Amino acid sequence: MPIVNDTVFFDAKKHGEALEKAFLLTPQQIVMDVRDAGLKGRGGAGFPTGTKWMLALSANAENKFVVCNADEGEPGTFKDRVLLSEYTKLVFEGMVIAGYAIQAQQGIVYLRGEYSYLLNHLEAYLDKMRQENRLGNNILGSGFSFDIEIRLGSGAYVCGEETALIESLEGHRGEARNRPPFPVNTGYLGYPTIVNNVETFACAYIILSKGAEWFAKYGTEKSKGMKLISVSGDCRKPGVYEVPFGITIKELLELVGAERTKAVQVGGASGICIPMSEINRNISFEDVPTGGSVIIFNETRDMLGVLRNFMEFFVEESCGQCSPCRIGNKKLLEGVELIEQGKASYNYIRELISLGQSMQVASKCGLGQSSPNPFISILTHFKDEIMSYHNGENNGNK
Amino acid sequence: MLAQEKNALIYEIEALTKKLGSGRESLLPILQNIQRKFGYISDFALQEIARYLDIHPVEVYGVVSFYSHLSVEPKGKYIIRLCKTISCDLLGKEAIARTLEKELGLKFGETSKDKKYTLEYCNCIGMCDQGPAVLINEQVHTRLTPSKVVEILGKLK
């Protein structure tokens with residue numbers, strides 16, 4: 001049974017100390033703790049963090065890097081902004097813990113250019129940590145040295161993909177690489193690198209402070225812990241919510257004061273659209289996964305208009321290096337326009353859905369693999385509404 | 001470009017490479033600094049940055065053309081970026097867009113002749129719970145209404 005209104009992240013009194021505890025443990029013990037806690041990457045992909053750290057720890061190299069992915073660009077996601085601006089300690093000390101766990105010397109925060117107004121606060125916080133010896137040489141007398149620098153992005157959604165992010169850090173176009181090799185072996189400048197989401201580092205802090213067992217109490221069997229959800233759209237109380245994994249969409253809607261809801265987009269533009277008939281599904285890696293974005297649409301919203309907004313987004317943000325994504329997203333957007341004009345045949349729409357499925361398997365990175373999600377789910381669940389365009393009944397709706 | 005401007009650029013690029021290093025990984029931070037200070041990455045700046053980093057100018061151009069915050073065309077002193085992604089759209093982005101166009105006398109994608117304003121759309125800026133939202137240079141403004149927009153624009157000098 002999910003417990004709501006029980007917050008850890010947003011109550012500084014409950015944070016406890018993690019850095020002091022970390023240095024009493026060996027790097028191996030920290031990695032095992034993170035693994036035992038069942039922490040999975042909070043950016044959305046859900047890769048087990050402990051496994052990632054284990055691979056990086058066991059890699060032999062003179063240099064290793066810890067990269068914090070603060071390129072929060074998924075439409076409807078703003079939890080990382082809140083963590084970075086208000087709970088900075090959890091994120092930065094989580095990075096130091098990760099650095100100690102994989103034996104890295106350098107951390108890099110890749111902050112999206114749109115958040116550059118946070119830069120002064122973040123730099124000042126790093127200075128404060130250096131003065132308190134929580135960053136820099138011989139941190140807290142542990143013999144471990146680690147520093148963090150902040151690098152800015154320049155307005156490219158795809159750089160949230162970890163290999164595109166590394167390309168960008170290296171001064172290239174943010175085009176995703178083929179994997180393998182994975183960044184844990186060949187990452188920034190060719191050195192072993194872990195790239196984790198802002199929230200993942202905050203979770204690592206909580207795990208060290210509260211213990212793996214405490215963390216794993218929350219959530220479901222395969223999705224442990226609490227999750228930050230950014231809620232926007234048609235509801236009375238939009239904002240960031242901390243909920244345990246396994247919460248149903250229905251419970252979430254009640255929590256945020258959503259009324260006369262028609263659909264819920266979970267996972268941002270690249271997520272899936274859930275109709276009211278499926279609101280008993282739950283938010284977890286087993287059922288409906290999300291990096292943290294929930295956008296609510298009420299009965300007055302035009303779902304084809306919503307879909308057009310998403311597809312325009314992907315056409316603009318596709319990096320263009322692989323053809324399924326570059327051309328596929330254009331074709332899907334053209335399809336939406338044809339439907340709006342009442343010119344798309346049922347047969348053509350079926351073909352577009354099939355094209356979307358091809359993009360899901362053939363695209364090089366997560367952008368093109370997930371961009372057909374809203375297209376397929378909205379056309380499937382709101383067929384009747386969409387088809388009223390087809391029959392020319394909906395012309396007054398735009 | 002005036003010799004004076006060229007000298008200013010060279011001086012800046014040299015200072016930046018001294019501060020940030022002249023490896024390839026310094027390219028993006030250098031470009032961001034030049035963009036901020038000069039409002040765009042001119043042909044001359046492309047050439048000079050390439051020379052200092054010892055890479056081909058087309059490599060630099062490739063990077064500039066990739067990122068939406070970098071530009072080879074001169075931008076205004078104030079770059080106004082209105083979020084057009086879904087949550088801001090639901091909260092009334094359209095009325096804000098019309099107000100901005102009317103007050104600035106610009107269409108989206110245009111820069112004013114006096115190079116004071118550039119009006120653009122951008123994708124999600126993470127203010128989805130407080131939309132409609134706009135970024136003016138590095139400053140974010142939220143919960144916009146047409147009258148609030150007029151007030152904000154009036155304060156830009």
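The structure is a predicted model, in which local features need pLDDT of at least 70 and side-chain atom pairs count only at pLDDT 80 or more, whereas totals for chains, interfaces and linings use all residues. Residues are numbered from 1 along each chain as its sequence is written, and chains are lettered from A and ligands numbered from 1 in the order in which they are written.

Chain B contains seven helices and four strands; helices (H or I, at least four residues) and strands (E, at least two) are DSSP runs numbered from the N terminus. The order of these elements from the N terminus is α-α-α-α-β-α-α-β-β-β-α. The C-alpha trace of chain B spans about 50 × 30 × 25 Å along its principal axes. Of its 157 residues, 38% count as buried, a residue being buried if 20 or more other C-beta atoms lie within 10 Å of its own, exposed if 12 or fewer, and partly exposed in between, with C-beta atoms placed from the backbone. Among contacts in chain B with a separation of 6 or more, 61% join residues 24 or more positions apart; two residues are in contact if their C-beta atoms, placed from the backbone, lie within 7 Å.

In chain B, an open sheet of four strands has the order β2-β1-β3-β4, with mixed pairing. Because β2 (117-122) and β4 (139-141) of chain B stand at the edges with a single partner strand each, one side of each is left without a neighbour in the sheet. Neighbouring strands of this sheet are turned by 20 degrees against each other on average, direction ignored. Two strands pair if DSSP finds at least two bridges between them. Strand β3 (residues 134-136) of chain B pairs with β4(B) in the antiparallel sense over three bridges, and V134(B) has H141(B) as its bridge partner in β4(B). Helix α6 (residues 93-104) of chain B lies across β1 (78-83) and β2 of chain B, and runs at about 155 degrees to β1(B); axes are lines fitted to C-alpha atoms, for helices over the stretch in contact, and angles run from 0 to 180 degrees between N-to-C directions.

Between the chains, 38 residues of chain A are in contact with 30 residues of chain B. On the side of chain A that touches chain B, β3 (147-152), α7 (162-169), β5 (226-233) and α11 (303-317) of chain A each supply at least two residues. The most is given by α11(A), with six residues. T85(B), in the loop between β1 and α5 (86-90) of chain B, is buried, with 30 other C-beta atoms within 10 Å. Not counting residues up to four places away in sequence, T85(B) touches P75(A), N309(A), F313(A), N123(B) and C124(B).

In chain A, five of the six residues of strand β7 (residues 261-266) are buried. β7(A) pairs in the antiparallel sense with strand β9 (residues 293-298) of chain A over five bridges, where A263(A) stands opposite F297(A). Strand β8 (residues 272-275) of chain A also pairs with β7(A) in the antiparallel sense, over four bridges, and V264(A) stands opposite I274(A) in β8(A). The hairpin of β7(A) and β8(A) has five residues between the strands, and in this hairpin G267(A) takes a positive phi near 100 degrees.
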